[in-house]
Amino acid sequence: MSMQEGDTAMEQTRPMNLVGGIAATAARARERRAGSVQLTGPKIVAEHFNFYYGAFQALADISLEFPALQVVGIIGPSGCGKSTLLRAINRMHDRTPGARGEGRLTLDGQEIYAAATDPIQIRRRVGMVFQRPNPFASSIYANVAYGLRLNGVRSRQQLDERVEHALRRAALWDEVKDRLHRDSGTALSGGQQQRLCIARAIATEPEVLLMDEPCSALDPIATLKIEELIDQLRAQFTIVMVTHNMQQAARVSDMTVFMLMDEKTRAGRVIEVAATAQLFTSPGDARTEAYISGRFG
Amino acid sequence: MSLRTGAPPNYARRRIIDRIMRALTVVATATAVVPLVLILGYVLVVGGSGLSVSFFTETYQAPLMGDFTDPTLVDPAVGAPEGGANPDDPYADLDLGALTGATPAEPTDGHGSIDLSQVSSGGGVLHGIVGTLLVTLVGLLLALPVGLLAGVFLAEYDNNWLATATRFCTDVLSGAPSIVIGVVAYILIVQQTRTFSGLAGSIAIALLMVPTITRTTEEILRLVPQTVREAAMGLGAPTWYTTFTVVIPTALTGIVTGVLLAFARGAGETAPLILTVLGNNTLSVNMLAPIAALPLLAYRYTESPFPTEIQLAWSTSFVLVVLVLFINIALRLATRSRLRGR
C-alpha cells in the first residue's frame with residue numbers, strides 16, 4: 001500500500017474537526033502498527049460480484065481485493081449488504097433457499113461459487129466468528145476440539161496441544177484451564193464465549209477469519225479484549241470484519257470498505273475502499289464523509 | 001392531561017378485567033389438575049394398600065376359597081389336582097381361562113354356589129411387569145431409530161414433497177385410535193404367523209410410538225437456534241455431522257421428553273395388546289409366544305367376579321404407574337448433562 005505519504009498530506013490540509021475523533025483514532029492506530037503491516041498480495045478477490053436472494057438482488061457489482069494478512073473492516077448502515085458480502089465469502093448462504101452468487105469471487109484464485117468447488121472445503125479454509133457468541137452446549141474443551149475432530153484429529157495428545165494453543169492465542173487459556181472438561185461453553189460470560197468462539201475458529205488454522213460484528217453483543221471491556229486479540233491475530237490470518245462501530249473500524253482495521261444500499265434497487269454497493277486512516281481523514285466520496293461524520297446511518 | 005398524578009381513568013376497569021382473567025386461568029388449571037390428582041391419588045392409595053413383596057416376585061395364582069396360603073386348600077374350579085395334560089392336545093399350552101375371560105374359581109355346577117367375598121388370591125404380577133417391559137422396550141427399540149431419523153429429516157431437510165407428505169401422515173397416524181393399529185397388526189402379523197406373540201405387540205406399540213417421536217423430535221430440533229448450526233457449518237461440518245454432534249445433543253432433553261411420552265403411551269396401551277400379545281398367566285420371556293402385560297392384567301382383573309381380583313386390578317394399575325414413573329426418572333438421569341452451566 002503506497003498511500004501513506006498522500007495520507008499525511010491530506011491530514012494536514014483537511015480540517016480535523018470534520019470527522020474529529022475517528023480520524024485521530026485511525027491515525028493513532030496506523031502509527032501504532034507502522035512497520036508491522038506487511039505488503040501482501042490479494043487473498044480474496046471479488047470482480048463484478050452480484051448476490052441474490054431469489055429475485056431480490058442484495059449485492060450489486062462488488063469489486064474488491066482483500067489483501068492477505070491484513071484486517072479489512074466493512075462499515076455501512078443497516079441493510080447495506082455488509083453481512084451478506086461477508087457470509088458470501090464462505091458460502092454461509094447455502095442453506096438459504098434461493099440464495100445465489102454470480103460473477104467472480106475467488107479465494108487464492110479459486111472460484112468460491114464454481115460448481116466444482118466444495119463449500120465444506122472453503123469453510124475449512126475460511127473460519128467464521130458470529131455476531132452473537134454461539135458456543136456449543138458441550139464442554140469448553142469439546143468446543144475448541146470440534147473443528148479438529150471434524151478434520152480427523154484423533155490423538156489425545158495432539159488434541160490437547162492444539163486446544164491449549166488455540167485457547168492461549170484467544171487469550172482465554174488462563175481463565176478456563178482449570179475447568180476445560182467440567183464447564184459447558186455456555187457457562188462462560190459473553191466476552192469469554194466470544195473468545196471461545198474465536199479459539200474454536202482458529203484451532204483448525206484457517207487462512208481467513210470472517211468476523212460478523214464480533215463485539216456488538218459485548219460490553220466495552222470485553223470489546224477491548226477482542227480488539228487486542230484481533231491485533232495479534234493479524235500476523236497469521238487474513239481478517240475481514242463487519243462492524244457497526246466506526247470507532248472500532250478505525251482502531252483495528254488496516255483497510256476499510258464503506259458500503260451503502262442503492263436507493264432505487266435496494267442492492268448493496270461498495271462506495272469506497274481505502275486505507276483506514278485515509279478513509280476516515282479524507283474520504284473520497286461525499287456519502288462516505290456524510291456517514292462517518294454522523295449525518296446519516 | 002394528568003398522566004403523572006393519580007391513576008388513568010380506565011385503571012379500575014383494567015384491574016377488574018385483569019383479576020377476572022387471572023381467576024379464569026386458575027379455575028381452568030384446577031379443572032385440569034384436580035381430576036388428575038384424584039385419579040392418581042386413588043390408584044396410589046387403593047392400589048398401594050394391596051401391595052406385598054410377593055406381588056412383585058410371583059406370577060398368577062388361581063383364586064382359592066379361604067386362606068390362599070393354606071396348601072391343603074383345593075381349587076374350587078378344578079376340585080382335585082390335575083392328572084396331567086393330554087400329550088396330543090395341541091392347545092395344551094394355551095390358557096383357555098385367559099382366552100375366554102373365565103377364571104377357574106367361577107362357580108360351577110359341581111360345586112354349588114360360593115361366597116365370592118370368601119375367595120382370596122395370592123400371587124403377583126411379575127409376569128406382567130416382565131411382559132410389559134419386554135413388549136414396550138422392544139417396541140421402543142423399533143420405533144426410536146425410525147422416529148428420530150424421520151424427525152431429523154423433517155427438521156433439517158424440509159421443503160420437499162416427501163417432508164410434507166410425512167408430516168401429514170404422522171399427524172393422521174398419531175390421531176388414529178389404537179385399536180385400529182391393533183387390528184392392522186392382528187391381520188398382518190398374528191394371522192400370517194398363526195400365533196399371538198409379544199413381538200406382534202411390540203410392532204403394534206412401535207407403530208403407535210413413531211408419530212409421537214417423529215413430531216416431538218422435529219418440533220424440538222426446530223427450537224435449536226440457527227446460530228448453533230451456523231457455528232458448525234462455519235467450521236466446515238456437513239449437515240449430518242452438525243445434526244448428530246451439535247443439534248441433537250443441544251436438544252437432547254426435549255427429545256427425551258418426547259420419547260418418554262411415547263414410552264408411557266406405549267406402556268399403557270391395552271387395545272392393541274388384546275389383539276396381539278393376548279396375555280399369559282405364567283412368566284414368559286418368549287417374544288414369539290403370547291406374553292403377559294400389565295394393562296391386560298388390569299383389564300382382565302376388573303372383569304373378575306371376585307373382589308380379591310378387583311383389588312389386584314388396582315394394584316396392577318399402581319405398578320404400571322410407578323413403572324412408567326421409574327423409567328421416566330431413570331432415562332432423565334441417564335441423559336442428564338454432567339457439565340456445569342447448561
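In this predicted model, A:Asn90 is buried, at a relative accessible area of 0%. The residue sits in the loop that runs between helix H3 (82–89) and strand E4 (99–107) of chain A.

The interface was examined next. In chain B, 25 residues are in contact with 31 residues of chain A. The two chains bury about 2,200 Å² between them. Carbon and sulfur atoms give 60% of that area. On the side of chain B, B:Met233, B:Leu235 and B:Arg340 lose the most area to chain A. Together these residues account for 32% of what that side buries.

The rule finds 2 salt bridges across the interface of chain B and chain A. One joins the side chains of B:Glu156 and A:Arg95, at 4.0 Å from N to O. The side chains of B:Glu230 and A:Arg87 also meet in a salt bridge, at 2.4 Å from N to O. This pair crosses from helix H8 of chain B to helix H3 of chain A. Both B:Glu230 and A:Arg87 are buried. Polar contacts between chain B and chain A number 4 residue pairs, with both residues at pLDDT 80 or more. Helices H8 (226–234) and H9 (239–250) of chain B each supply at least two residues of the side that touches chain A. H8(B) gives the largest share of that side, 9 residues. By class, the side of chain B that touches chain A holds 10 nonpolar, 9 polar and 6 charged residues.

A:Phe49 and A:Phe51 form a tilted pair, with 6.3 Å centre to centre and 40 degrees between the planes. A:Phe49 is buried at 0% relative accessible area. A:Phe51 is likewise buried, at 1%. An edge-to-face pair joins A:Tyr146 and B:Tyr241, with 5.6 Å centre to centre and 65 degrees between the planes. This pair crosses between chains, from helix H5 (residues 140–150) of chain A to helix H9 of chain B. Both A:Tyr146 and B:Tyr241 are buried. Ring pairs also link A:Phe49, A:Phe51, A:Tyr53 and A:Tyr113 into a cluster.

Over all chains, the search finds 31 salt bridges. In chain A, A:Asp108 forms a salt bridge with A:Arg125, with the closest N and O atoms 3.1 Å apart. A:Asp108 lies in the loop between E4 and strand E5 (110–111), and A:Arg125 lies in helix H4 (residues 119–125), so the pair ties together parts that are 17 residues apart in sequence. A:Asp108 is partly exposed at 44% relative accessibility. A:Arg125 counts as buried, at 17%. The side chains of A:Arg287 and A:Asp285 meet in another salt bridge, at 3.1 Å from N to O. Here A:Arg287 is partly exposed at 42%, whereas A:Asp285 is buried at 19%. In chain B, salt bridges that share partners join B:Arg167, B:Asp171, B:Arg215, B:Glu218, B:Glu219 and B:Arg222 into one network.

Chain B as a whole has 13 helices and 2 strands. Of its 342 residues, 37% are buried. Among contacts in chain B between residues at least 6 apart in sequence, 81% join residues at least 24 apart.

Note on methods:
Residues numbered from 1 in each chain as written. Chains lettered and ligands numbered in written order. Predicted model: local features only at pLDDT ≥ 70, side-chain atom pairs only at ≥ 80, totals over all residues. Heavy atoms only, no water. Contact = heavy atoms within 4.5 Å. Buried area = accessible area lost by both parts, 1.4 Å probe. Polar contact = N/O pair within 3.5 Å; in protein donor to acceptor, adjacent residues only side chain to side chain. Helix = DSSP H or I, 4+ residues; strand = E, 2+ residues; numbered from the N terminus. Nonpolar A, V, L, I, M, F, W, Y, C, P; charged D, E, K, R; others polar. Phe/Tyr/Trp six-rings, centres within 6.5 Å; stacked < 30°, edge-to-face > 60°. Buried < 20%, exposed > 50% of the residue type's maximum accessible area, 1.4 Å probe, protein only.
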